[in-house]
Amino acid sequence: MFEEEIRFLRKMNKRQLAQQVLNFLMIISSALMVWKALALYTNSESPIVVVLSGSMEPAFYRGDLLFLGMPDEPLRVGDICVFKIPGRDVPIVHRVIKLHDEKESEKQFILTKGDNNQVDDRGLYNKGQLWIHREHIIGKVRGFLPYIGIITILMNDYPQLKYVLIGFLGLYMLVNRE
Amino acid sequence: MSLTAEAAITKFLSQKLAEFISQAGIILFAIIGFVVGFLLQDILLTFQIFAGGIIITAILVLPSYPIYNQHPVKWLPPIQIENKHETPEQKESHSNEPMK
Amino acid sequence: MYNIVQRASAIFAFAMTVMFGLLLSIAISSLYITSNPIGKVDINELNIWLYNYANKETEFAFIEMNIDADLTSLFNWNTKQLFVAVVAEYETELHELNQVVLWDSIIRSKEDAHIKGNKVRNEKYEFVDITPSFGEVNAKYSIYWDVMPYVGFLVGGKTGTNQTIPFPVPLNEKVYN
């Protein structure tokens, strides 16, 4: 099946090849544009995240896709939010179980817990940290789409798969005829 | 071969028919699934109907049934000039033909 | 549409597009299904004990309550589960709003959505203020829920109870180590 593709690549002249490459770049840049526009619209730096752990089961399973938004109003108990502890790479998706709004500074003191965990998240926070604050919050979970992110999970578990997939996609774009 | 010529031959009558059947079928089963699932309040049923619909559509369209061969393409007769590009072996096979 | 592989890939691509449309229709349609969840919490007992907590003498509140809620109407074709919690809300001198979860439950079927709990205690969650002592506090208790869909938007709500009980003085005067 590849012979045909190779013959097709040979047959193309420089101009056609350039056009295919440009097409490919255009797809990537429009995807990036959509992502950034979504980030602006939802006011969240990362508007779509994939669930990486089972700590929110049975609400979210590994590989589910979450859509985030950043509400203008303060967070409330029961909200499921994505937050990032300073010094850690991976954000966490958990539920707010305790919250104190300070009068003077209007600062929120938030404690979270995973539905599937027996204890609250103080063990996950930095040493000595009892609360998280608004600046740690990436977004509040607004929407849900199951299973779609499973490919990200696979790529996370088997990093080689990432390169195989990217290479295959790139090749497909190059030899794909409109 | 120019791009316009390629685009022109991709829309043969039978291909058009196959494309219509597949698209209409998939949309139809999605609508049926949605309505039935909503009325019976059963989301699993919606996706069972939709998946079944895709399989039925695939059975209708994927194999090359005779109905899709009712409008064969009439190619122009080969032009003689082409012969001078042929390799010697092909020429030989051509010249051998009358001898059979 | 030249050969069987191309036909199959065309069908697959089109089916995926239609499926996203279908998922979006399901997500939007379930926003328009009405529901009338009801629920209330009655507080039977409220005691405060002093314990050592992070090297500070801290007030722990212990609550016994009766929960009665009917959330069956929240179950529609796109409801995967409900998260239900009893939340205490109160105001203190330094903090204008404090919210603490006292009890929770995850409900996965319509049959279980009629919740009746007698003499429920806050065993899973400790009820402690951000400061060591509550002070003069009148808390309100409500039932919070959020609906987790199979696909689509997360919606939540709560029903309140206006019954308030002033926090009593601790039952022990100091912590003995």
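These exercises work through a sheet, a domain layout and an interface.

The model is predicted: local features need pLDDT of at least 70, side-chain atom pairs count only at pLDDT 80 or more, and totals for chains, interfaces and linings use all residues. Residues are numbered from 1 along each chain as its sequence is written, with chains lettered from A and ligands numbered from 1 in the order in which they are written.

**Exercise 1.** Work out the strand order of the open three-stranded sheet in chain C.

*Solution.* Strands are DSSP runs of E, at least two residues, numbered from the N terminus. Two strands pair if DSSP finds at least two bridges between them. S1(C) and S2(C) (residues 56–70) pair antiparallel over 15 bridges. Within this pair, Leu50(C) sits opposite Glu59(C) of S2(C). The order is S1-S2-S5, with antiparallel pairing. S1 (38–53) and S5 (114–121) of chain C are the edges, each pairing on one side only.

**Exercise 2.** Locate the domains of chain A and give the distance between their centres.

*Solution.* Bounds come from an automatic or database domain assignment. Domain 1 of chain A takes 2–42 + 158–175, and domain 2 takes 48–147. Over C-alpha atoms, their centres are 35 Å apart.

**Exercise 3.** Describe the side of chain C that touches chain B by residue class.

*Solution.* Contact means C-beta atoms, placed from the backbone, within 7 Å. By this test, 17 residues of chain C meet 20 residues of chain B. Ala, Val, Leu, Ile, Met, Phe, Trp, Tyr, Cys and Pro count as nonpolar, Asp, Glu, Lys and Arg as charged, and the others, Gly among them, as polar. The chain C side then has twelve nonpolar, four polar and one charged residues.

How values were computed:
Helices (H or I, at least four residues) and strands (E, at least two) are DSSP runs, numbered from the N terminus. Two residues are in contact if their C-beta atoms, placed from the backbone, lie within 7 Å.
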